[in-house]
Amino acid sequence: MTEPRPTPVLEARGLVKRYGHVTALDGADFQLLAGEILAVIGDNGAGKSTLIKALAGAIIPDAGEILLDGKPVRFHSPLDARRQGIETVYQDLAVAPAMSIAENLFLGREPKRTGLLGWLGALDKKRMLAEAMRHMQSLKIGIRSMKQAVETLSGGQRQGVAVARSAAFARHVVIMDEPTAALGVKEGNMVLELIRRVRDRGLPVILISHNMPHVFEIADRIHIARLGKRAAVVNPKHISMSDTVAVMTGAKRPEELPAQAFA
Amino acid sequence: MLPDVATVPPTSTRGRLLAHLPPVATLGPLLALFLAGAFFTSQTDRFLSGSNFSLILQQVMVVGVVAIGQTLVILTAGIDLSCGMLMAIGSIVTTKLAVDSEMNPYLAILCGLLVSTAFGFLNGALITRVKLPPFIVTLGTLNIAFAITQIYSKSQTISALPEALEYFGRTFRVGQTAVTYGTVLMLIMYLIAWFVLRDTAPGRHVYALGNNAEATRLMGIDTARMLLIVYTLAGLVYGIAGLLLVARTGVGDPQAGQTDNLDSITAVVLGGTSLFGGRGNILGTLLGALIVGVFRNGLTLMGVASVYQILITGILVILAVTTDQLSRRKG
């Protein structure tokens, strides 16, 4: 017997998803531990994005189960997953450009005022601005005015708004889908730093990325998806980038890796 | 070593300045209105008077109300070509029921509003359920509503209306100036729309939807339902515009509403709302409607032929869109 591991924050067992003749997920397993950054990598068609969609509630798997804090859950929509405290940062910067930072942070979850105006539906804009400032500052995103329209920000700062939104409302997990893909080098590094800060605040992060240097710089563990399954989970400190890519593409079988490479 | 996020300069000085100023789009129409007012005051003695302003308000009352619905729709990045016809069909249903069928006038009003609202709902349902483009859907309902209006009224103007239908055309006195109840209703509707769009979650979601529909959906907002509600509400607003039309003209006119779609879009655009959705201000639309009204009124007082008024309206629209585009390109 190995020593008992702590209960994963988010776990999937034997997920299956078929689209017609194509099997996108073929009994995929997944484990996210508390306080970690878990990178999920895989070639195109490895089932990586289908796995993430299942975890984020964007698709419903045909078979298998998902456990949140050890309890089975079923997500019928992204909203279900959000209600359970799983927030997703989407690749294509899902923000409303002409609206303010504060409004983007609270989109769909706006706090109402008290009293008559609140009864009429008026929003508590002061509170939105103050809380937005607090959330952005806690991630050390230096923006002076929360009234500023998101379109006046740089790409990295916009991604910062999306990350802050997820970190503010996630109770369990933040999923980040290619958060640095649309960014330049400097801004990409900025977002990596944000991801670390989210983890350091105690929220585990699932990072989907094609960028191997980013993955190796930031991930605590790397989940390698291949042919609709989990090929291996490796420790970036004890495996080379080229071996990782070899497993991902099938050039190397996981059994060929040294024992300490696994995590 | 990674750069500290806080040390990255957050934004240019210019960006910060812009964040504190109202957008050019809302200042422009106000300025244009003042300039037009000043110009006409210098050209004719009859322009600057309470009764003339009251007249301008009466003249823009109907298209002003239609433009409220149009603004809602355009903010969602849609367009409503059917607005004038939905107004006309509502006014014809109301007047015909009240006069020819001798129905209780208040019940007739309710029926007219219901018909306009039902057409708005039809627009919304076709756009959200069948996923057709708003331009095509409303072009279709424009023709359907027009044809039904002609068939139902046999293209006959309906006159001798009961008093209740003319209520919004009646006036009360503020000092020397007679003000119609209809213009008061229009102003109240603008204030309500302004509050809802600016200060409530549904209002902000209309902007978000026009800005980035997919992002809004991903944030858990039911965008299809919102669109359906917007088009249905717009239908109701056109129905109310129909009531004002009947009250102002004193007849049920089956030929009414044929230019209100373009006139309302003109008011929306002059008011600084973007035709691409998600940006703009409902009070700008009121200013836009007033600009058109002031130009028509002032030029009429100066004795300029009405074709020139149309010419100038066209130039204004192009100028408004150009300044809007240019100011945005810089930002």
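Start by selecting chains A and B together: 34 residues of chain A are in contact with 29 residues of chain B, contact being counted when two C-beta atoms, placed from the backbone, lie within 7 Å. This is a predicted model, in which local features need pLDDT of at least 70 and side-chain atom pairs count only at pLDDT 80 or more, while totals for chains, interfaces and linings use all residues. Residues are numbered from 1 along each chain as its sequence is written, and chains are lettered from A and ligands numbered from 1 in the order in which they are written.

Now colour the side of chain A that touches chain B. Helix 2 (78–83) and helix 7 of chain A are the elements that give two or more residues to that side, and helix 7 gives the most, with six residues. Helices (H or I, at least four residues) and strands (E, at least two) are DSSP runs, numbered from the N terminus. By class, this side of chain A divides into 18 nonpolar, eight polar and eight charged residues; Ala, Val, Leu, Ile, Met, Phe, Trp, Tyr, Cys and Pro count as nonpolar, Asp, Glu, Lys and Arg as charged, and the others, Gly among them, as polar.

Next, zoom in on helix 7 (residues 185–200) of chain A. Its 16 residues reach 23 Å from first C-alpha to last, close to the expected 22 Å, which is 1.5 Å times one less than the number of residues. Among its buried residues are A:Met190, A:Leu194 and A:Val198, where buried means that 20 or more other C-beta atoms, placed from the backbone, lie within 10 Å of the residue's own. Show strand 3 (37–42), helix 6 (155–169) and helix 8 (212–218) of chain A too, as they are included in what covers those buried residues. Just after helix 7, click on A:Gly202, which takes a positive phi of about 105°.

The assignment, automatic or from a database, gives domain 1 (10–98 + 149–261) and domain 2 (99–148). Their contact takes 17 residues from domain 1 and 14 residues from domain 2. Helix 6 of chain A supplies the largest share of the domain 1 side, nine residues.

Last stop: the open sheet of chain A, four strands in the order 2-1-4-5 with antiparallel pairing, a pair needing at least two DSSP bridges. Its edge strands are strand 2 (22–32) and strand 5 (71–73). Strand 1 (residues 10–19) pairs with strand 2 over eight bridges, and A:Tyr19 stands opposite A:Val22 in strand 2.

Terms used: Buried ≥ 20, exposed ≤ 12 C-beta atoms within 10 Å, placed from the backbone.
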